[in-house]
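Visitor: Could you walk me through this structure? I would like to begin with the sheet.

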Amino acid sequence: MNLTLRIWRQSGPQDKGRMVTYQVDDVSPDMSFLEMLDVLNERLILAGDEPIAFDHDCREGICGMCGLMINGDAHGPQRGTTACQLHMRQFKDGDTIDIEPWRARAFPVIKDLVVNRNAFDKIIAAGGYVTAPTGSAPEAHSVPVAKADADAAFESAACIGCGACVAACPNGSGMLFTAAKVTQLSLLPQGQPERFTRVIGMVDAHDEAGFGGCTNAGECTVVCPKGIPLTTIGRLNRDYLAATTRHADTPGT
Amino acid sequence: MAVTGILLVLFLIAHMLGNLKIFSGATSFDHYAHWLRDLGVPLLPSAGFLWIQRVGLLAAVLLHIWAATVLALRARAARPVRYAHRKKVRGSYAARTMRWGGVIILLFVVYHILDLTTGTLNPVGDPSRPYANVVADFAPERWYVTAFYTLAIVALGFHLRHGVFSALRSLGQQTPRGEQRARLVALVFAVVLCAGYLVVPFAVLTGLVA
């Protein structure tokens, strides 16, 4: 396959940045999207040019490092797939592909396609954990968890924090991420003692980081490589309402 | 957004039911309109209930617009650099048009008050004969009034379709089956309300109500 790529190049956080066109020939349809970028980078290096910076790590869809806006689609056209698991057979010979970084104030561009997702760490630091040291894994039957709760908590825990929800959101909101991180704990017994301080802390951290507000548009769940459902945001809203009304004066309950 | 929206939705239901009284004749419709003025008398002064309602609705509308503006400004600030290539929002058309739909509805409400409350823009404009005002309003030669009315009501329908679902979600709707139900309720409600409002001008236009 021969492809035309239009890629966002930005030498550093202060640079204005621009789309640059590259021609990549002899791309195998069996390559992953990132391998295709590797091939382009090798050619750029051989030609003495600066290679394109992009984030990646495990390349098996579980680490959440890679994240590219491909033709206006977060992680590309295939649903339930991270950019590293996207294969070139999803594209046709002669295609023009636009590649951009996630666009959000809370995710400033470091270089080219690499963004700083520190804002997500700040949201986690504001309550996305259980404070009590719990030691080694307890006997599974000693703390009963309803099957439905376990399933829903696991569904949320599948979030890899890639940031596609923010990238796709018309409001630039990180509510699906925040909701997933709240819900994975609020549905389990271990998460109960800090349930209501957690939700307030994490939503506050989300707003402070400069993310937009959620309007339930539903874009996030479409592009989420882990298929976190939109109902997760409803669970967050319910916890937030309970925390701000009934539990306002009793931190930790 | 959700709470003020629900208050406005309750008004929309009452207003639609009141409008439908046009099908029971001029006397009945005018009687209903006058009854609204006298509601609560002698405890309240004449039109006292209406003024309480107007103040409440105005507060709800202003808060609704304020919340929407805050959300829109936050959304704009949250993405300072736009995408060069952006797919159309895949979610529903209704979700995508909430903001501009809201502006259309607001412009319509301003016109609607000048038309049928103050009578300024109405060809009859007699507050004591609301039935005659309505019939004159939607007369076939004033087709543009009916067209604008239809546009506003359709915009309202889309606004409600996403708005009702979104309000339920904001207030804690959290299960997948509940989500299906909430979307269905929002759709049915929007269609019913649209039909309830549109049936009046089209009845006048076709001569069913004269």
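Guide: A definition comes first: two strands pair if DSSP finds at least two bridges between them. Helices (H or I, at least four residues) and strands (E, at least two) are DSSP runs, numbered from the N terminus. This is a predicted model, in which local features need pLDDT of at least 70 and side-chain atom pairs count only at pLDDT 80 or more, while totals for chains, interfaces and linings use all residues. Residues are numbered from 1 along each chain as its sequence is written, and chains are lettered from A and ligands numbered from 1 in the order in which they are written.

Visitor: Fine. In what order do the five strands of the open sheet in chain A run?

Guide: The order is 2-1-5-3-4, and the pairing in this open sheet of chain A is mixed.

Visitor: Which strands stand at the edges?

Guide: Those are strand 2 (18-24) and strand 4 (73-74) of chain A. Each has a single partner strand, so one side of each is left without a neighbour in the sheet.

Visitor: And how many residues of strand 2 of chain A are buried?

Guide: The number is zero out of seven, so strand 2 of chain A lies largely in the open. A residue is buried here if 20 or more other C-beta atoms, placed from the backbone, lie within 10 Å of its own, exposed if 12 or fewer, and partly exposed in between. Strand 2 of chain A is joined to strand 1 in the antiparallel sense over seven bridges, with A:L3 opposite A:V24 of strand 2.

Visitor: What about strand 5 of chain A, covered or open?

Guide: Strand 5 of chain A is mostly covered, with four of its five residues buried. Strand 1 (residues 3-9) pairs with strand 5 (residues 96-100) in the parallel sense over four bridges, and A:I7 faces A:I99 there. Strand 3 (residues 69-70) of chain A runs antiparallel to strand 5 and is joined to it by two bridges; in that pair A:M69 stands opposite A:E100.

Visitor: Let us turn to the helices. How many are there in chain A?

Guide: Chain A has eight helices, together with seven strands.

Visitor: How many residues of helix 5 of chain A are buried?

Guide: Twelve of the twelve are buried, so helix 5 of chain A is largely enclosed by the rest of the structure. Among them are A:M175, A:F177, A:K181 and A:L185. The cover over these buried residues includes helix 2 (118-125), helix 4 (164-168) and helix 8 (231-245) of chain A.

Visitor: What span should helix 5 of chain A have?

Guide: The expected span is 1.5 Å times one less than the number of residues. For the twelve residues of helix 5 of chain A this gives 16 Å, which agrees with its end C-alpha atoms being 16 Å apart.

Visitor: At what angle do helix 3 and helix 5 of chain A cross?

Guide: The axes of helix 3 (residues 147-157) and helix 5 (residues 175-186) of chain A cross at roughly 145° and come within 8 Å. Axes are lines fitted to C-alpha atoms over the stretch in contact, and angles run from 0 to 180 degrees between N-to-C directions.

Visitor: Which residues make that contact?

Guide: Helix 3 of chain A gives A:A153, A:S156 and A:A157, and helix 5 of chain A gives A:A180, A:T183 and A:Q184. Residues are in contact if their C-beta atoms, placed from the backbone, lie within 7 Å. The set divides into three nonpolar, three polar and no charged residues, where Ala, Val, Leu, Ile, Met, Phe, Trp, Tyr, Cys and Pro count as nonpolar, Asp, Glu, Lys and Arg as charged, and the others, Gly among them, as polar.

Visitor: Now chain B. What elements does it have?

Guide: Chain B has eight helices and zero strands. Of its 210 residues, 25% count as buried; for chain A, the figure is 45% of 253 residues.

Visitor: How many residues of chain B are in contact with chain A?

Guide: In chain B, 29 residues are in contact with 33 residues of chain A. Helix 3 (48-78), helix 7 (143-170) and helix 8 (176-205) of chain B each give two or more residues to that side, and helix 3 of chain B gives the most, with five. This side of chain B comprises 13 nonpolar, eight polar and eight charged residues.

Methods:
Two residues are in contact if their C-beta atoms, placed from the backbone, lie within 7 Å.
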